[in-house]
Amino acid sequence: MESFGLWYLLEERVVQDTENTSTKGEIRNVEKPSIEEPSIDLHVNFWSLEDNQTKNKKLPYLDIGIKIENYKLLRKMTFFCPFIVEYENVEDLSTKMAVKNNANIVFNTDCDIHTRENYTIIELSDTEKILVFPLDQVIKDVYSVKSGKDNESTQIEFDFINFKKYINSDSELEHYDKIYIRFRITGKKLKDNIYF
């Protein structure tokens, strides 16, 4: 595959439903699979600050933002890169999202930022608030960078189980159903594969 990809694995969820199961009017509980799905917006920004007029040769970078509504439905999400990305070439941008001007630019609106010790809430409006998903801060093993089966691609995997354990331990964060993940990919492989 020579393109980027994003896919996810849902939590196994079952909802209780009642069903009339006999001619006598008996009602019993029946387990049915939940058909709820998360809603995902993908933001992609490619930056090249290279100045061809001078000897200033900076590597380009690719910023990926993923806004997820109903994230609690997810167990795992994978961002696929069609080239090798080393772990050290993935940078968590959650702290940059705690800066009001950055959030305003990303969401194209005047945001309010609420930063606590270990997390940031971006308020887009009175009714829309987003919890910023930190990759490298408090929560351990919340993402991994893995080589693809072909050894020529990379999968950045996000583990929502660990994230939800952390969220469930803080009653203030538990009621948020929207999150935002933002990270940066850089390095020579990025330049070799998508920038010429």
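Reply: Buried means under 20% relative accessible area, exposed over 50%, and partly exposed in between (1.4 Å probe, protein chains only). This is a predicted model, where local features need pLDDT of at least 70, side-chain atom pairs count only at pLDDT 80 or more, and totals for chains, interfaces and linings use all residues. Residues are numbered from 1 along each chain as its sequence is written, and side-chain values use heavy atoms, with hydrogens and water left out.

Me: Is isoleucine 68 buried or exposed?
Reply: Isoleucine 68 sits in strand S5 (strands are DSSP runs of E, at least two residues; helices are H or I, at least four; both are numbered from the N terminus). Its relative accessibility is 0%, so isoleucine 68 counts as buried.

Me: What separates the C-alpha atoms of isoleucine 68 and lysine 178?
Reply: Along the chain, the two are 110 residues apart. Isoleucine 68 touches Lys178 (contact means heavy atoms within 4.5 Å), with Phe160 also among its partners. The C-alpha separation is 5.5 Å.

Me: Which side-chain oxygen reaches the backbone nitrogen of isoleucine 161?
Reply: Look at the start of H2. There the oxygen comes to within 2.9 Å of that nitrogen, and it belongs to aspartate 159.

Me: How many disulfides does the structure hold?
Reply: A disulfide is a covalent bond between the sulfur atoms of two cysteines; here it's counted as a pair of cysteine sulfur atoms within 2.5 Å. Cysteine 81 counts as buried at 0% relative accessibility, and cysteine 111 also counts as buried at 0%. The number of disulfides in the structure is zero.

Definitions and conventions: A polar contact is a pair of N or O atoms within 3.5 Å; within protein, one must be able to donate a hydrogen and the other to accept it, and residues adjacent in sequence count only if both atoms are side-chain atoms. Lists of a residue's contacts leave out its neighbours within four places in sequence.
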